[in-house]
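Hi,

Here is the structure I said I would pass on.

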Amino acid sequence: MSTIRLTMAQALLRFLDAQYVSRDGRETKFVRGVMGIFGHGNVTGLGEALERSSGSLTFIQGKNEQGMVHAAAAFAKQRNRMEIFACTSSIGPGALNMVTAAATATVNRIPVLLLPGDNFATRQPDPVLQQLEVAGDYTVSANDPFKPVSKYWDRIERPEQLMPALLQAMRVLTDPAETGAVTLALPQDVQAEAYDYPLSFFDKRVHYIDRRPPAPEALRRAAELVQSARRPLIVAGGGVLYAEAAEELKALAGAFGIPVAETQAGKGALPWDHPLNAGAIGVTGSLAANRLAQEADLVIGVGTRYSDFTTASKSAFRHPGVRFLNLNVSAFDGAKLSGTPLLADAREGLRLLREALQESGYASGYAPGEIAARKAEWDAEVNRLYTAEHEAGFAQTRALGVINAAVGPEAVIVCAAGSLPGDLHRLWRAAGPKTYHMEYGFSCMGYEVSGAFGAALADPRRDVYALVGDGSYLMLHSELLTSLQEGRKITVLLFDNHGFQCIHNLQREHGSDGFGNEFRRRSQETSRLTGAYLPIDFAAHARALGAKAYKASTPEELEEALRLAKEESITTLIEIPVVPGTNTGGYESWWNVGVPEVSVSGKVLEAHRGMKSRIEAVTVR
């Protein structure tokens with residue numbers, strides 16, 4: 001057997017550079033490169049291997065470990081999980097900074113490979129700089145917190161352990177049902193340790209992502225279930241987009257007159273103006289979709305994990321005999337809500353289900369013009385909100401209307417947290433797949449700027465816009481600098497409403513007077529954060545980093561700023577001051593957040609009674 005002597009770090013890169021995936025006969029190089037921030041725990045091992053590597057892996061220098069993993073996840077999301085970046089950090093704080101982003105990737109079923117440095121396997125020196133010492137268990141390090149947020153976790157304590165670990169890592173990363181964050185903890189000394197690796201280990205490997213058809217009996221059960229329904233509703237989740245199943249979704253809905261509601265991850269599966277697209281569903285849903293959901297006798301979930309927001313805390317589907325058909329590649333998601341699982345690739349499952357229903361001559365029982373009337377009613381509401389003026393200044397929904405009209409149908413918008421996801425889910429008119437990029441599985445503040453950079457890496461032909469609130473921007477914006485460094489332009493649309501106004505609204509809706517969520521000075525009179533708003537010049541901050549920047553306080557100024565931003569060749573930020581509380585409200589939806597049973601406030605007690613009555617009305621599934 002022919003061998004080659006390499007350090008563990010060198011072998012790791014050589015293996016990653018030879019990995020490919022294939023779906024529908026299209027072969028794609030799987031690992032595009034490595035994002036990293038170097039410290040003593042990885043610079044002389046993996047860092048040196050990257051510096052001397054003769055392979056094709058690109059190295060991108062991150063500015064914050066969490067931010068770079070968000071960027072890697074956004075890249076994989078935009079590429080439909082067919083390409084990834086690995087991410088490396090030093091030990092201790094650098095590694096722990098990646099944990100939040102690892103959870104974000106896993107919750108969203110997005111593949112990322114994390115390569116944090118770790119303590120010396122020899123335990124010499126001991127303790128090494130930044131080592132987390134756990135007196136009762138010396139095998140524990142700062143990398144153990146990755147275990148609950150990773151789909152696969154391993155620690156490479158000898159260089160030969162790398163081989164089985166990498167095979168398992170690739171198994172998980174390329175599995176549509178099991179993918180998420182994969183963590184390989186790399187002890188600092190072992191990265192530099194050499195081993196005689198078999199040359200065959202570095203041969204080109206193609207990981208085939210086969211489209212799994214449903215079992216014949218499962219397909220028969222699913223078809224019979226649909227045939228018994230008069231008012232079915234399709235809930236399109238992210239799996240529709242990852243499986244590139246938008247055309248099959250359109251074909252099935254159109255063949256039988258079934259309306260389609262979209263989750264945050266599934267938005268864009270159908271264009272907004274498709275006659276059967278009822279819009280967003282759930283807590284952040286449209287009036288049309290939520291009313292259809294209330295009356296549906298069958299919910300056909302396609303590639304959705306039925307999050308709390310999608311089901312409106314299990315209150316969205318109110319028909320007394322409602323049943324669920326769950327077309328999903330994951331058995332875990334297929335079993336939710338006591339549903340009938342149809343385990344299959346979304347595209348194959350939709351195609352075969354359509355063919356089975358066509359043989360039976362099935363048609364839904366919606367009245368002629370019913371879906372069109374509800375859609376028209378909602379379109380009128382969107383038009384109203386997109387043009388609404390507010391006496392106190394620029395309304396958030398008005399700003400979104402200007403942006404939606406200006407950016408063009410091919411642009412990609414990226415968002416994650418705050419009040420903007422609700423407004424965008426309800427109102428944004430997405431022209432098609434991969435134009436609406438929302439991280440709402442974890443709703444992770446700080447994803448927006450990093451995610452926009454990752455999306456721009458994935459699809460440099462499109463204009464990419466990060467829509468972000470001031471709170472989320474302040475939390476994490478470091479990869480804005482990386483976008484400048486890499487020459488990948490993004491446009492950051494920063495909505496300045498003086499704080500965490502989404503949660504401020506949530507407080508007040510449940511009896512609070514509002515506490516601790518606005519960016520105000522501490523008042524000498526109250527000793528609380530009730531003073532004047534903090535003056536922050538976000539445009540000046542962006543210019544200080546090297547970006548272009550504008551400020552737009554009116555619809556006309558925003559239109560002009562968007563026009564100028566399109567002409568810029570580098571990353572640009574537009575600061576948009578908006579009136580707090582001018583976001584959309586709920587449309588016949590509910591979210592169970594828990595309200596105190598005991599309080600000195602009568603408003604809180606009233607809110608608790610309202611919550612209790614809603615909970616009692618929900619059928620537990």
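I'll start with what lines the largest cavity: seven nonpolar, two polar and six charged residues. Before going on, bear in mind that this is a predicted model.

That lining comes to 15 residues, and if you want to find the centre of the cavity on screen, look for W272, G279, K375, W378 and D379, which lie nearest to it. Three elements each put at least two residues into the lining: β14 (277-280), α14 (370-387) and α16 (420-427). The space inside is about 140 Å³. Searching the whole structure turned up five cavities of 30 Å³ or more.

The second largest cavity holds about 50 Å³. Around it you'll see K77, Q78, L241, Y242, A265, K434, Y436 and H437. Helix α3 (65-78), helix α9 (238-242) and strand β19 (436-438) are the elements that give two or more residues to this lining. Sorted by class, the lining has four nonpolar residues, two polar and two charged.

Now the packing. The largest nonpolar core contains 92 residues, and L424, F495, L558 and I576 have the most contacts inside it. The top contributor is helix α8 (residues 216-227), which gives six residues to this core. If you click on L424 and skip the neighbours within four places in sequence, you'll find L424 touching K267, L400, I413, C415, Y436, M438 and L467. A separate core of 69 residues lies apart from that one, and includes A76, M82, A105 and M163.

Last, the serine. Where is S313 found? S313 sits in the loop that runs between β15 (298-302) and β16 (323-328). Is S313 buried or exposed? The relative accessible area of S313 is 11%, and buried means under 20%, so S313 counts as buried.

What is S313 in contact with, once neighbours within four places in sequence are left aside? The contacts of S313 are D308, W590, W591, N592 and V618.

Cheers

Technical notes. Residues are numbered from 1 along each chain as its sequence is written. This is a predicted model: local features need pLDDT of at least 70, side-chain atom pairs count only at pLDDT 80 or more; totals for chains, interfaces and linings use all residues. Side-chain values use heavy atoms; hydrogens and water are left out. On a 1 Å grid over the protein atoms alone, a cavity is a set of points where a 1.4 Å probe fits but cannot get out, and a pocket is an open set with protein on both sides within 12 Å along at least five of seven lines; lining residues have an atom within 4 Å of a point. Grid points are joined across faces, edges and corners, and a volume is the space filled by probe spheres set on the points. Helices (H or I, at least four residues) and strands (E, at least two) are DSSP runs, numbered from the N terminus. Ala, Val, Leu, Ile, Met, Phe, Trp, Tyr, Cys and Pro count as nonpolar, Asp, Glu, Lys and Arg as charged, and the others, Gly among them, as polar. A nonpolar core is a set of buried Ala, Val, Leu, Ile, Met, Phe, Trp, Tyr and Cys residues joined through side-chain atoms within 4.5 Å. Buried means under 20% relative accessible area, exposed over 50%, partly exposed in between (1.4 Å probe, protein chains only). Contact means heavy atoms within 4.5 Å.
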